[in-house]
Amino acid sequence: MSQSVDDFFTQLQQSREKVPKKVTSKINEIARKAIEDMSKAAGKFLHEDLDDDKHTEEQVKAIIELFPESLSQEDEKGRLPIQRALYLKKGRSSVTFVPLLAKEGCRLGVGGEENRGGLLSVRPRFSINTIEWLSGERLEGEKGPASDEYDRKRAQVLEKLRDLNLLKKADIEEYGLVHNALHPKSQRRFDFFTSWDPAALEARYSQWLVPIHHAIGSDREEKEKVFEMVLKAGMEYFPERLGFLFCKKDGISACKKAFDEIGVDKAMKIIRTCIPPSDDHPILHHAIRHAPDLENDIAQYYPDAVFLRDTNNHTLSQVEFYMNLRRGKRTFKNNSCFFIKATDAQVNTMHPETGLYPFMLAAVGNKSDLAAVYYLLSRNPKLVGHGENKDSDGAGSSRKRQREDID
């Protein structure tokens, strides 16, 4: 009757001193080979058999304690166990073990120092690391509950990695994680990143394209859904900027790009969903400031916005008056009625963005219109020299810079 393995090793330990060295050496050689084979088997298990539904963290941690080298074992394509955990294997998922594998990988130095246990290891044959892969990988060919579950699990993993300080806020910008997750099948991950770092939606100082422009790029799949997805997020965190709808890239606003890519009617349907007319956002004020060529298209869908005031309490006609002056497109000689029909409120109110009165706007820049300046001042001569006493505290130099911006 053969001994059990446990009994054999117990007896071996007790009899080690009595056994001849030649036999001990042979036993050690066999044991080393056995341990190596067992470590490979453990690594293979982590690669191929790990299952969210069948195994526990305690079981996985025990395997790693016994065979620490298994965490660094690469498969035939050069992938680590933490990377294989992102795959569905014959319908099995093991992605929920990623935080544990990363934590233990950090302790054991998987991938080297500062590699976060393999999270920053680059995926073989691709130029993205494990975090980038986790943030954007989608379940292709599937919709509905299966795809939702795939996204939900990965969003939970990202939250756990953040709790372990293995996913950092700076990663969102460095690796373009908002862009990676910008797809309907990655909605939960997109929400996770944008709620953690809303500034990523603006990308003001970013190496990446502003997400709303990225969403409606001509090579994007499901661009209508993606456009709605990013505009909705923009309105949640930056309603005063209208979700960056009028943010420009190469002189073209996101709104104009959406009109060109998906058509005015479809684009406006999405915009009205994300910016309901009943919410009284001064969308026409924004259009006049940033995309005057779109004013008529937008006004068809927001007729009541004509009666709104912006955050400066300015009416639409006031903003339109200021912007026409600022752009220098109206001259007194060719457009005298534009100036003559101006209301007292338009003539006497300072433009908040520049700190300049209308007669000043008509005077600055290469398109200075002296006839317009004279007429506007004749409407209220008291504006001459108004505010000059503020130069001593720096307001004058600030206004000078604003005038230079207009030029």
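Modeller: Happy to! Let's begin with Lys-33, which is partly exposed at a relative accessible area of 44%; that term covers values between buried, under 20% relative accessible area, and exposed, over 50% (1.4 Å probe, protein chains only). This is a predicted model, where local features need pLDDT of at least 70, side-chain atom pairs count only at pLDDT 80 or more, and totals for chains, interfaces and linings use all residues. Residues are numbered from 1 along each chain as its sequence is written, and side-chain values use heavy atoms, leaving out hydrogens and water.

Lys-33 makes a salt bridge with Asp-37 at 3.0 Å, N to O; the term means a side-chain nitrogen of Lys or Arg within 4 Å of a carboxyl oxygen of Asp or Glu. Both residues sit in helix α2 (residues 21-49), four residues apart, or about one turn of the helix. Helices here are DSSP runs (H or I, at least four residues), numbered from the N terminus. Asp-37 is partly exposed too, at 35% relative accessibility.

Next comes Glu-224, whose salt bridge with Lys-266 has its closest N and O atoms 3.7 Å apart. Glu-224 belongs to helix α12 (residues 223-237) and Lys-266 to helix α14 (residues 264-274), so this pair ties together parts that are 42 residues apart in sequence.

In helix α13 (residues 254-262), Asp-260 and Lys-256 lie four residues apart, and they form a salt bridge at 3.4 Å between the closest N and O atoms. Asp-260 is exposed at 52% relative accessibility, whereas Lys-256 is partly exposed at 30%.

In the whole structure, a search finds 18 salt bridges.

Technical notes:
Helices (H or I, at least four residues) and strands (E, at least two) are DSSP runs, numbered from the N terminus.
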